[in-house]
Amino acid sequence: MNEAERQRRLIESLFASRADAQALPTRESGARALRGLQAYRANGDASAARALATAFPTVQMLLGEENFEHLAREFWRADPPVHGDLGDWGDTLPVWIAQHAGLAEWPYLADCARLDWALHCCERAEDAALDAASISRLGDTDPSRLVLLLMPGTALVESTWPIAAIHAAHRRHDEQAFDAVRASIAQQRGEAVLVSRQGFKAVPQVVDAGTARWTQRLLAGDDLATAIEHAAAGFDFGNWLTQALQSNWVKGIRVLPD
Amino acid sequence: MAANGLAPDTPSGAEEAARRAPRAGIGLRHPHYGELMQRLPALGFIEVHSENFFADGGAALAVLQQAREHYDVSLHGVGLALGSAAGVDPWHLDRLARLVQRVAPVRVSDHACFARAPRQAGTPALHANDLLPIAFTDAALDILCANVSQVQDRLKRPILVENLSAYLSFSDDTLAEPAFFAELCRRSGCGMLLDVNNLMVNALNAGAADPLASCLAFIDQLPLGIAGEIHLAGYCQTEDIVIDDHGSRVRPDVWTAYAHALRRFGSVPTLIEWDTDVPALDVLLAEADHTSMLLRDQAGVAS
């Protein structure tokens, strides 16, 4: 057997739904071979649960630890990592959750996972500081040649569920907060959530529909003239810029070539 | 003090060698970040898992960069999967090269294992994120040498490759593990990161009649000068298998094997690994102090 096939067989045994060491050309045999294989399978399951719990803490709190470990085991086998950094694994979990019939009891879970992932990625994003000098180009350059850059890691998560309220309630551990969330869920009150970093901490902030639309355009890379043209009626760029600079949302302005 | 009280003290060769002996290092673990930076205990180096610092930015990287101002840093990877027939993941190598650039580590290391392989033939490789055993065959050695050389070419420096604790081994091995490592180091120019605890775990799991004697024999079969770093850790004895969990103090037999390794290889930089059930920092520092004492003793004897 060549080395590639030997390694493929071990990988197949690790990610199969049931442990079976019979196809492996190991020195160990019988129960001892199975025990060795199980040690590796347990490592994988533990790594998956630990990595996903770090990236998806709200999902873990919603499901409870035992259910979450079960989910992690299943996802590990359904969509295993392709890189050796588990902090980078999990971007497809929200879609997987949305399609999972067994999780239909939590219809907001997939969107909560999207928010968790956006926060996780934001905290791993490149550190950056405001390029204050670049802001002056707003006064001397045609807006069609300017692109407003948001800080690395900034994201917008829109949902038909109150995902920011669910996120906050699970950190307050306050029954009143959960009562308010239950009422919002019952009314299916959606939220648009801007994710940005304050220091090293990613912070979710509910924004109005106009700000959400504007943020979408900026994240898509529109020049300022196009973004303003597509902004919601009544959107006030000056007010937004003041808030954005105070909240550390803006990295700077990029001038497009003529 | 000098006998007449006039001339300055002149340390003997043994004392000077002991003074210059490397101090042991510890792993930088999240629960200790704040306390370590506040106390700044005397350590030879700190070691981190490279992959924990692959992000573009963020708090963990800032802590590492802060620690780097006070300590030498050893980057110890768990994800290069150097023995993978599917090759080294270019994404992983890019991230590692960037981290090496950022922290200028004193050493870079990873394991003689694989993790990248397709689940089905013809499909893309997945990454099992574990230290999976490779066979000790000529073909496996060729793969490992090629991958190690690729990494060293990219990083422009030699790396160290660690021996595994393995829960499975292969019936068609054709090389003894020490000879496998000797050949790996000779052909690729890398060094060996000798994990003494892993030798003991493997000897116990293989049912060796005298596990300590097995470890000493392994060490004796390695060429002099091969070891660039040594790892020490605790293991967990379950009913039917020994698990290398890095979750307790170093066992007495492992200390004995370590002392034997120091006699053979000299005062090699040594790490106390403790990755699960991480204890209070003082417990870890006490293990490191004991290790430093053995390193000093060996340096004094060798001189």
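In this predicted model, strand β2 (residues 155-159) of chain A pairs with β3(A) in the antiparallel sense, and 5 bridges link the two. On the β3(A) side of the account there is a further antiparallel partner, strand β4 (residues 201-207) of chain A, to which β3(A) is joined by 7 bridges. The domain assignment of chain A gives domain 1 (1-106) and domain 2 (118-258).

**Strand β3 and its partners**

- Strand β3 (residues 191-198) of chain A is mostly covered, since 7 of its 8 residues count as buried, that is, with 20 or more other C-beta atoms within 10 Å of their own.
- Where β2(A) and β3(A) pair, the residue that stands opposite Glu191(A) in β3(A) is Ser159(A).
- Where β3(A) and β4(A) run antiparallel, Ala202(A) in β4(A) has Arg197(A) standing opposite.
- The hairpin formed by β3(A) and β4(A) leaves 2 residues between the strands, and in this hairpin Gly199(A) takes a positive phi near 65°.

**Domain arrangement**

- Between the C-alpha centres of domain 1 of chain A and domain 2 of chain A there is a separation of 35 Å.
- Contact between the two domains of chain A involves 4 residues of domain 1 and 5 residues of domain 2.
- On the side of domain 1 of chain A that touches domain 2 of chain A, the residues divide into 2 nonpolar and 2 polar, with no charged residue among them.

Notes: Residues are numbered from 1 along each chain as its sequence is written. Chains are lettered from A and ligands numbered from 1 in the order in which they are written. This is a predicted model: local features need pLDDT of at least 70, side-chain atom pairs count only at pLDDT 80 or more; totals for chains, interfaces and linings use all residues. A residue is buried if 20 or more other C-beta atoms lie within 10 Å of its own, exposed if 12 or fewer, and partly exposed in between; C-beta atoms are placed from the backbone. Helices (H or I, at least four residues) and strands (E, at least two) are DSSP runs, numbered from the N terminus. Two strands pair if DSSP finds at least two bridges between them. Domain bounds come from an automatic or database domain assignment. Two residues are in contact if their C-beta atoms, placed from the backbone, lie within 7 Å. Ala, Val, Leu, Ile, Met, Phe, Trp, Tyr, Cys and Pro count as nonpolar, Asp, Glu, Lys and Arg as charged, and the others, Gly among them, as polar.
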